[in-house]
Amino acid sequence: MSDEMKLEEEFARVPLRRQTLRRMAKYLRRHRTKLGIALLLEVVWVISMLVDLRLMRLTIDGPLTEGDLRGVAVFGGWMVLNIAVRVALTRWELGIATSVGVEVLHDIRQDVFDHVQRLSMRYFDRTKQGRIIARADRDVDTLENIVIWGPIVLVSLVFSIALGLTLILNENPQLGIWLVAAMPIVWVTNRIFKKLGFPPYRRQREVHSAISAHVAESITGVRVVKAFCAESRELEKLTKLQVAYRAAVLQGARISGAYIPSLSVTFHAVMIIAFVVGGRDVVAGDLSVGALMEFMFQLGFVLGPVEGLGGLYNESLVAGAAAERIFLLLDTEPDVQDAPDAIDPGRLRGDVAFENVSFAYDPEMNAGRQLHDVSFSVSAGKTVALVGPTGAGKTSITNLIARFYEAQEGVVRVDGHDIRDVRVASLNRQMGIVLQESFLFAGSVLENLRFVRVDLNETDARAAFTELGCEEVLARFPDGLATDVGERGANLSEGERQIVCFVRALLGRPSILVLDEATSAVDTRTEALILRALRRLADRQTTFVIAHRLSTIRDADHILVVGDGQIVEEGTHDELMERGGAYADLYAEYAA
């Protein structure tokens, strides 16, 4: 079981925390002026509804009883005017509430996306892509109703209950006592369902994110799925998750289905008793018909909102589960962070040194180390080749140079600075990385190049292709720089995608360039062009090349042979071949 799943299972057993509600309130407070206006309009709306009840009572006990049609018309006119004002206020209020809700959701989604962008690579290693997307997208969407309408509905319901109850107890205390008697029953019911209701909703969100993760993973790896005829197995996994989701939904529905009716039975019992008692008082002449009618409507004015609070509470359970998952993500601290006194060293020369560095992707090193006591130094402007068998630790070295991870022991230095004392953004801006698996964003070729230089024009973009010796590749694109690369570069060949990635990396004028099997996807002729261009541009940056085709790195200034997480040999190609050691053996096996 992954660390994240263990954390989520532990998280699913704790109750809804007040801290979650307070953090949601912080987002609302950013828009407190607009929200205050909307809440004030809702209070006026509630008062307007009670004014309708009082006008109805006055009409029944006055003009209607006396047969005064003119008086009935006057009261009817006041009621129409009151309704017109209420409609106008409602339209204004809805506009404000929707605006506030959309802005709050925008703030939350922006915070989530910004935080995800700043998380360290280790988080993405242990967390499935679909789970992250589910939190940043679906969980935020789940908050929509409660964020847009929650504060308005809550104020409306609470104010209706408070004002209605005050009027009832003030004007009809004998009848109001029956309503007061029902309150302990309501309180106990709420406590029971609070305890029973939240876990199923939290489980729904957890399984829903697992479904999203599985679908995202299956789509990303669709070629592998098809190649091994694994469609039925992937469908079976999805079916199991759907069954778990269905069980959680049904459990939540059963609890919700018992909660609302239990409140409804209590309220209707109170209304029937109050109507019988009030009817007896009307017959005895102690209560007017208008007063009884007003009381019954006031009773509904109180009991209806209490029932409405039950529905709002159900929605808050769903939203609360989503909010806790969002804040769980926001509370995840990046493993790699700037030190309080971190510096921006300006333009780096490109000197790199490892001093007794040990590293493991598992921070506790339970799964063993990827690097053991590695030490070497590279001068600025040199080309360094990292060679060795798969899993030897070559990529781990470049990951530490880029500070995607931090070493548990030892020091990595750039230009003499401990890399932990250099601001991450300053370092990353001066890194150029081309990986074996090229990645392009949806859009045109030029838009992908502007990912590195926002102000890049077409002339400079073409010059970059020419400088790399790949102008003929650009000439093959049907619309030149305006060619749509498609999602993940699907409209281009693997080699063409890699060329664009090379140009993109070099456009940033990096101080340190990392090529991780970057030429493995291009044909031999294109690879030769790229290597020739890199040799021509070599003095502009320090270059680290990881390659299994050893013939491509013969001209490297320095070669590091990595084995079992250690530097087993180092030197130039000729020096290492003369020794007849590990490098000579590798070259004999892979150089063809």
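Predicted model: local features only at pLDDT ≥ 70, side-chain atom pairs only at ≥ 80, totals over all residues.
The protein chain has 592 residues, of which 46% are buried. Its secondary structure consists of 20 helices and 10 strands. Among contacts with a separation of 6 or more, 79% are between residues 24 or more positions apart. The chain exposes about 29900 Å², and 58% of this area is supplied by carbon and sulfur atoms.

Four strands form an open sheet in the order β2-β1-β4-β5, and their pairing is antiparallel. Its edges are β2 (371-378) and β5 (417-418), each of which pairs on one side only. Strands β4 (residues 409-414) and β5 are joined in the antiparallel sense over two bridges. Arg 413 has Asp 418, in β5, as its bridge partner. Helix α12 (residues 394-401) packs on this sheet and touches β1 (352-359), β2 and β4; the direction of the helix makes about 115° with that of β1. In general, the strands of a sheet pair through backbone hydrogen bonds, in either the parallel or the antiparallel sense.

Helix α12 is largely enclosed by the rest of the structure, because seven of its eight residues are buried. The buried residues are Lys 394, Ser 396, Ile 397, Thr 398, Asn 399, Leu 400 and Ile 401. After α12 comes Arg 403, which has a positive phi, near 60°.

Salt bridges were then examined. Side chains of opposite charge can pair when their charged atoms come close. In the whole structure, 15 salt bridges are found. One of them involves Asp 418, the β5 residue that is the bridge partner of Arg 413. The salt-bridge partner of Asp 418 is Arg 420, and the closest N and O atoms of the pair are 3.0 Å apart. Asp 418 has a relative accessible area of 14% and is therefore buried, the cut-off for this class being under 20%. Arg 420, at 30% relative accessibility, counts as partly exposed.

A further salt bridge is formed by Arg 429 and Asp 344, with the closest N and O atoms 3.8 Å apart. This pair links distant parts of the chain: Arg 429 belongs to helix α13 (residues 424-429), Asp 344 lies in the loop between α11 (289-330) and β1, and the two are 85 residues apart. Arg 429 is exposed, with a relative accessible area of 57%, whereas Asp 344 is partly exposed at 41%.

Arg 453 and Asp 460 also form a salt bridge, in which the closest N and O atoms are 3.6 Å apart. Arg 453 counts as partly exposed at 25% relative accessibility. Asp 460 is likewise partly exposed, with a relative accessible area of 32%. Elsewhere, a network of salt bridges links Arg 30, Asp 107 and Asp 111.

On the surface, a nonpolar patch is formed by Val 74, Trp 78, Leu 81 and Val 85, which together have about 390 Å² of accessible area. Of these residues, Leu 81 lies in helix α4 (residues 69-118). The relative accessible area of Leu 81 is 46%, so this residue is partly exposed.

Note on methods:
Residues numbered from 1 in each chain as written. Heavy atoms only, no water. Patch = residues over 30% accessible without salt bridge, like charges linked within 9 Å, V, L, I, M, F, W, Y side chains within 5 Å. Areas by Shrake-Rupley, 256 points an atom, 1.4 Å probe, with all protein chains shown as cover. Salt bridge = Lys/Arg side-chain N within 4 Å of Asp/Glu carboxyl O. Buried < 20%, exposed > 50% of the residue type's maximum accessible area, 1.4 Å probe, protein only. Pairing = 2+ DSSP bridges. Contact = heavy atoms within 4.5 Å. Axes fitted to C-alpha atoms, helices over the stretch in contact; angles between N-to-C directions.
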